Amino acid sequence: MNIRIGQGIDFHQLENGVDLWLGGVKIPSEKGCVAHSDGDVLIHAICDALLGAAGLRDIGYFFPDTDNKYKNIDSKILLKETFNLVHQKGYIINNIDCTICLEKPKIGPFILEMKKAISSIVETESDNVAVKATTTEKLGFVGREEGVFAIAVVLLSK
Ligand SMILES: [Zn+2]
């Protein structure tokens with residue numbers, strides 16, 4: 001069996017009055033991610049992990065933020081297109097493990113919904129997708145609520 005690991009990381013600035021999308025779910029929040037797309041930092045990290053595992057280029061290469069086609073795009077569409085690229089190479093998802101790092105709001109109540117949203121797009125069981133959250137204990141740009149980041153690791157096999 002061919003097993004491949006990949007990692008991805010993504011950062012976004014936070015701004016007042018912008019919708020906050022995480023893991024395909026809209027989270028009630030005063031601030032949201034500034035981005036060309038809907039700014040779903042978690043999905044972007046997962047896309048890069050998938051692409052890396054398959055030996056492909058990064059998310060910016062496939063979906064450039066200079067292309068108006070991707071303006072305000074739902075990142076779930078980017079994840080679907082990314083999964084298709086990986087799937088075309090014959091890979092399936094073994095599991096995805098990721099962490100969102102943000103100061104607030106608390107996202108615990110939305111984790112199950114995120115797992116469901118992500119797993120259905122990448123055609124795997126909800127149990128194969130772990131979404132975790134942490135803060136930076138008030139340190140740095142995350143602690144000052146200026147930004148958020150997410151890290152994802154994925155294992156593919158064929
Ligand atoms: Zn991003």
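These legends describe close-up views of a predicted model. Local features need pLDDT of at least 70 and side-chain atom pairs count only at pLDDT 80 or more, while totals for chains, interfaces and linings use all residues. Residues are numbered from 1 along each chain as its sequence is written, and side-chain values use heavy atoms, with hydrogens and water left out.

**View 1. Five strands form an open, mixed sheet.**
The 5 strands follow the order E4-E1-E7-E5-E6, and their pairing is mixed. Strand E4 (31-33) and strand E6 (129-134) stand at the edges; each has a single partner strand, so one side of each lacks a neighbour in the sheet. Neighbouring strands are turned by 20 degrees against each other on average, direction ignored. Axes here are lines fitted to C-alpha atoms, for helices over the stretch in contact, and angles run from 0 to 180 degrees between N-to-C directions. Strands (E, at least two residues) and helices (H or I, at least four) are DSSP runs, numbered from the N terminus. Two strands pair if DSSP finds at least two bridges between them.

**View 2. Strand E7 pairs with E1 and with E5.**
E7 spans residues 147-157. E1 and E7 run antiparallel and are joined by 11 bridges. E5 (residues 92-101) also pairs with E7 in the antiparallel sense, over 9 bridges. Ile93 stands opposite Leu156 of E7, and Ile96 stands opposite Val154. Strand E7 is mostly covered, with 8 of its 11 residues buried. Buried means under 20% relative accessible area, exposed over 50%, and partly exposed in between (1.4 Å probe, protein chains only).

Ile9, Phe11, Phe141 and Ile151 make a nonpolar surface patch of about 340 Å². Ile9 is found in strand E1 (residues 3-16), and its bridge partner in E7 is Ile151. Ile9 is partly exposed, at 40% relative accessible area. Patch residues have over 30% relative accessible area and no salt bridge; like charges are joined within 9 Å, nonpolar side chains (Val, Leu, Ile, Met, Phe, Trp, Tyr) within 5 Å. Areas come from the Shrake-Rupley method with a 1.4 Å probe; for residues, only the protein chains shown count as cover.

The structure holds 7 salt bridges. Each is a side-chain nitrogen of Lys or Arg within 4 Å of a carboxyl oxygen of Asp or Glu. Glu103 and Lys138 meet in one of them (3.6 Å, N to O). Glu103 lies in the loop between E5 and helix H4 (111-121) and Lys138 in the loop between E6 and H5, so the pair ties together parts 35 residues apart in sequence. Glu103 is buried at 12% relative accessibility, whereas Lys138 is exposed at 60%. Lys104 and Glu145 also form a salt bridge (3.9 Å, N to O). Lys104 sits in the loop between E5 and H4 and Glu145 in the loop between H5 and E7, so this pair ties together parts 41 residues apart in sequence.

Cys47 is in no disulfide; its nearest cysteine sulfur, that of Cys98, is 11 Å away. That distance is too far for a bond. Cys47 is buried at 0% relative accessibility, and Cys98 is buried at 1%.

Conventions: A disulfide is a pair of cysteine sulfur atoms within 2.5 Å.
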